[in-house]
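These are my notebook entries on a structure that I looked up part by part. The model is a predicted one.

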Amino acid sequence: MGNMMDYARPADGEMTERAVVTVVFLRMTKPPLRPDAVLPKGASLTRERLDVAAYRALYNEIGAPWLWWLRRMMPDDMLARHLASPTVSVSVLRVQGEVAGFYETDAGYWPFVNLNYFGLRQGFMGQGLGRLLLDAAVDSVFCGAVGLGGMTVNTCTADHPRALPNYLAAGFREYRRAREEWDIPVRLGLTVPAHVKA
């Protein structure tokens, strides 16, 4: 798996499924020329310090269709330290009080801030909320930032088919692609989509 983190490596002899994906790396070096994102009536976006259980529930539900698996492999104590880091920010979108999605940014790569994760729950897709949430994430990084080099994100061929077009439309620009092979433990209960299954 190349440069995969140690915690994500399957145990010796563990049953896995292999996915072969193309990862697209993008960056934005200046804020887009548009008004600030405005959420519709009944929607709210708040920065929250989620505990491990709440974070896992959101990550697992939103990410399952798109093969988000790395944080499923991360030990609880490591994830707790990550979530408590002052460089990490998690913002939760709610619609009529119900959790609709979230995004996570990480300034630990300063002068760039990475959009680690971004997504909506299935029932909230197709309502225009994804683009608004993405714009809000971009605004949260660029607003008032001093010394910022830009914002980065990556997506891959296991992600939602609209992910890459949406990032490009929001103002990100592709700068690199890489082929990666992931050996995903069967115990995680994820389904490897046919188009990336080796």
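**Entry 1: Arg121.** I looked up the contacts of Arg121, leaving out residues up to four places away in sequence, and found that Arg121 touches Glu61, Ile62, Glu98, Val99, Ala100 and Gly101. Arg121 itself sits in the loop between S5 and H4. I also checked one distance: Arg121 and Leu58 are separated by 63 residues in sequence, and their C-alpha atoms are 8.4 Å apart in space.

**Entry 2: helix H3.** Which residues of helix H3 (residues 76-84) are buried? I found Leu79, His82 and Leu83. They share one side of H3, because they cover an arc of only 95 degrees around the axis. I noted the general rule that an α-helix has 3.6 residues a turn, so residues three or four places apart point the same way. I then turned to the face of H3 directed away from the buried side, where the exposed residues Arg81 and Ala84 are carried. Finally I asked what covers the buried residues of H3. The cover includes helix H1 (52-63), helix H2 (70-73), S3, S4 and strand S5 (112-120).

**Entry 3: strand S3 and its partners.** I next examined S3, which is mostly covered, with seven of its eight residues buried. On one pairing, S3 runs antiparallel to strand S2 (residues 43-48), and six bridges join the two. Within this pairing I recorded that Ser44 has Arg94 of S3 as its bridge partner. S3 also pairs with S4, again in the antiparallel sense, over eight bridges. Here Ser89 has Thr105 of S4 as its bridge partner. I looked at the connection as well: S3 and S4 form a hairpin with two residues between them. In that turn, Gln96 has a positive phi of about 50 degrees.

**Entry 4: the second largest pocket.** How much space lies in the second largest pocket? I read a value of about 210 Å³. The pocket is lined by 14 residues, of which Arg47, Ser89, Thr105, Ser140 and Val141 are the closest to its centre. I then sorted the lining by element: strand S3 (88-95), strand S4 (98-106) and helix H4 (129-142) each supply at least two residues. S4 gives the most, with three residues. By class, I recorded seven nonpolar, five polar and two charged residues in the lining.

Technical notes
Residues numbered from 1 in each chain as written. Predicted model: local features only at pLDDT ≥ 70, side-chain atom pairs only at ≥ 80, totals over all residues. Heavy atoms only, no water. 1 Å grid on protein atoms, 1.4 Å probe; cavity = no way out; pocket = protein on both sides within 12 Å on 5 of 7 lines; lining within 4 Å. Points joined across faces, edges and corners; volume = space filled by probe spheres on them. Helix = DSSP H or I, 4+ residues; strand = E, 2+ residues; numbered from the N terminus. Nonpolar A, V, L, I, M, F, W, Y, C, P; charged D, E, K, R; others polar. Buried < 20%, exposed > 50% of the residue type's maximum accessible area, 1.4 Å probe, protein only. Arc of directions from axis to C-beta. Contact = heavy atoms within 4.5 Å. Pairing = 2+ DSSP bridges.
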